[in-house]
Amino acid sequence: EPWLVRYSSKGVMTNLRTFDPLTGDSLERLVFHAKTGKLFVGGQNKALQTATLQRLSASLVSEQTISLSSTDIVGQMASYGDHVFVQVHPNFGAHDHWRKINAATLLTDATGSFQFSGQTFSSERPMGMALDANTGNVYGLIANSNEDFGSLKMLLKYGPNLGSSPLIQKDVTHLNMPRNAGLAADASGNVYIGFVDEATGRGRLVKFNSSLTQLGESSVLLGNTFGGHGGVPATDAAGSVYQAWFGPSNGGDILVNRYDQNFNLAASRTLDLGDNTRMDGSFELAVMDSSNVFVTGASNNGLNIDWVSVKMNVTDSGAVTAAAQRVVITTSTASSAIIGSLLYNGAQVTSGTARALLIADGSAAPLRLSTAAFGTSAAYLFNLVPVGSYHIRAFIDLNDNLVADAGEPIALSSAAGVSFLGTTIAGLDLTLCDRRS
């Protein structure tokens, strides 16, 4: 069950929404549309193999969902002016690889496609998309999936209204790219491709100008790449380009490199999220400027893999951070909190994870999540709780899927719920009872 979380600028979770992939309410990609202040989520109805596009409010409330016919999944997304641009993977026989969709109506105003010479449309699979924020030009990266014709790859440039023929096309097959390469464009119309070289295993970043002439490249030694993830580039208004990777140090750290407008390495950061003998690494990257760089990724603490979102400063030239320090919120440092214990009254469970969810009245999605190791008495803590009325649901997660399944010990707060006025509530204990015969 995918989760979408909104955080404040200080890293406090303000909203959370869950997605059900069985009903088409899944989560693959997302983009913020600045003009409307809305969030657009690209997903997939897995039962029908049809891509979906959903518009959410700033508080993550669903406003409208459409089905993108003849497609099976949403790839990269971007916004420009009144529109959202969506990369889609067409089913066989379709050819709308990129779509220009009106943000207000969710109607498709234009499509873009490409066909390799001598092949049918069903042979193409888009790999990436980037948008020039100054001109609205769209760059696409596409691969030929028909092995009879070889593994061809093409870099394309379209105008803001897309079309069946690109303005410029560049054969980039020689770059040894896998299918999950990333694409970005800067304010000068330069375009960047980030990927793991299939021949050498090194991370590469290749720069082209707006005419798709190759200008230069950089490469970096990598740690484990989690199946080729990482390396998706991002740019800022100052002309810098950024790339996030699984670095080779400490068993694998998050590594972020910043290159200046002349494509020189200007700064580098590594981030170790706990056990420095195990790998941490990046998935996606978003940039406002050099002091506001956001990375999503994974952290391995030796017991499981946790998903993380990190805000980094990549301004100082040549500096490399030491291992990151976690700020642990405890009962002595918490404020505006709800605190209690989860008491287990049973004998059938001897392991698992104790979880507590704080759910606002009238909402199905939890606002806060607290996790603790299993024990006959495990503490839970919800920090910085907004004023409001809530219910608490606690359970012992036996299969680590974050959901209270049948048979797992569970506890609920009273029917009256919890009225929170901003002053910390301590000692709100719940008793978990066995539900299996």
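Modeller: The part to begin with is an open sheet of four strands in the order β15-β16-β17-β18, with antiparallel pairing; strands here are DSSP runs of E with at least two residues, numbered from the N terminus, and two of them pair if DSSP finds at least two bridges between them. Because β15 (182-185) and β18 (214-220) stand at the edges with a single partner strand each, one side of each is left without a neighbour in the sheet. From one strand to the next the twist averages 20°, with axes taken as lines fitted to C-alpha atoms and angles running from 0 to 180 degrees between N-to-C directions. Four bridges join β15 to β16 (residues 191-196) in the antiparallel sense, and A185 stands opposite V191 in β16.

This is a predicted model, in which local features need pLDDT of at least 70 and side-chain atom pairs count only at pLDDT 80 or more, whereas totals for chains, interfaces and linings use all residues. Residues are numbered from 1 along each chain as its sequence is written, and side-chain values use heavy atoms, with hydrogens and water left out.

As for packing, a nonpolar core is a set of buried Ala, Val, Leu, Ile, Met, Phe, Trp, Tyr and Cys residues joined through side-chain atoms within 4.5 Å, buried meaning under 20% relative accessible area with a 1.4 Å probe and protein chains only. The largest such core has 22 residues, of which I338, L342, F382 and I392 touch the most other members, and β30 gives its largest share, four residues. Apart from it lies another core, of 18 residues, including L183 and F195.

Notes: Buried < 20%, exposed > 50% of the residue type's maximum accessible area, 1.4 Å probe, protein only.
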